[in-house]
Amino acid sequence: REEKNGTVLENATAEEYAAMLAGSNGLNPFRVDRYGNLATTYTAEGYEEAKEDFFYYVTVKESADCFWLIQIVCPVSISDESVENMAMWSATFRETE
């Protein structure tokens, strides 16, 4: 959760926020997926004991007063069969009171 009010993000769009995240973290650009999510993906090396890399599906969501960065993670070995569900789940995320 990243506050917009009183910060440099106050007048930023979700696309601008996503571009900032991608640029400052070396991520691929965020794109709108088939479910309307502003999303990108990346892989990261697993810990020494894990012996497997991890696949991340990352989305940016916007509410009235903040941005949300949501990451869903799975082992790379099941990412091909999981990426569709990750995108679908991401479309269901909503801020609650």
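Predicted model: local features only at pLDDT ≥ 70, side-chain atom pairs only at ≥ 80, totals over all residues.

User: Which parts of the chain does the pair of E84 and R34 link, and how many residues apart are they?

Analyst: E84 belongs to helix α2, while R34 sits in the loop between β2 (31-32) and β3.

User: With which residues is M86 in contact, leaving aside neighbours within four places in sequence?

Analyst: M86 and R34 are 52 residues apart in sequence, and their C-alpha atoms are 12 Å apart in space. Contact itself asks for heavy atoms within 4.5 Å. With neighbours within four places left aside, the residues in contact with M86 are F55, Y57, I72, V73 and C74.

User: Which residue meets the side chain of K4 in a salt bridge?

Analyst: K4 is placed in the loop between β1 and α1. Side chains of opposite charge can pair when their charged atoms come close. The side chain of K4 meets its partner at 2.7 Å, N to O, and that partner is E62.

User: How many residues apart are K4 and E62?

Analyst: The bridge is formed by the side chains of K4 and E62. K4 lies in the loop between β1 and α1, and E62 lies in strand β4. This pair links distant parts of the chain, at a separation of 58 residues.

User: Is K4 buried or exposed?

Analyst: E62, which pairs with K4, has 42% relative accessibility and so counts as partly exposed. For K4 the relative accessible area is 7%, which means that K4 is buried.

User: Which backbone oxygen does the side chain of K4 reach?

Analyst: Leaving out residues up to four places away in sequence, K4 touches L9, E10, E62, S63, A64, D65, C66 and F67. Among these contacts is S63. The side chain of K4 reaches a backbone oxygen at 3.1 Å, and that oxygen belongs to S63.

User: Which residues are linked in a network of salt bridges?

Analyst: The count by the salt-bridge rule comes to 4. One of the bridges joins the side chains of R1 and D65 at 3.3 Å, N to O. R1 lies in the segment before β1 and D65 in the loop between β4 and β5, 64 residues apart. The network of salt bridges links R1, E3 and D65.

User: Which side-chain accessibility class applies to D65?

Analyst: R1, the partner of D65, has 51% relative accessibility and so counts as exposed. D65 has 25% relative accessibility and therefore counts as partly exposed.

User: Why do the buried residues of α1 line one face of the helix?

Analyst: In α1, which spans residues 14-25, the buried residues are A14, Y17, A18, L21 and A22. Seen down the helix axis, these buried residues line one face because they fall within an arc of 135°.

User: Which strands do the buried residues of α1 pack against?

Analyst: The face of α1 turned away from the buried side carries the exposed residues E15, A19, G23 and S24. On the buried side, the packing partners are β1 (2-3), β3 (38-44), β4 (54-62) and β5 (66-75).

User: Which residue's backbone oxygen does the side chain of R94 reach?

Analyst: R94 is placed in the segment after α2 (79-90). With 62% relative accessibility, R94 counts as exposed. The side chain of R94 reaches a backbone oxygen at 2.8 Å, and the residue is A91.

Terms used
Residues numbered from 1 in each chain as written. Heavy atoms only, no water. Helix = DSSP H or I, 4+ residues; strand = E, 2+ residues; numbered from the N terminus. Expected span 1.5 Å × (residues − 1). Buried < 20%, exposed > 50% of the residue type's maximum accessible area, 1.4 Å probe, protein only. Arc of directions from axis to C-beta. Polar contact = N/O pair within 3.5 Å; in protein donor to acceptor, adjacent residues only side chain to side chain.
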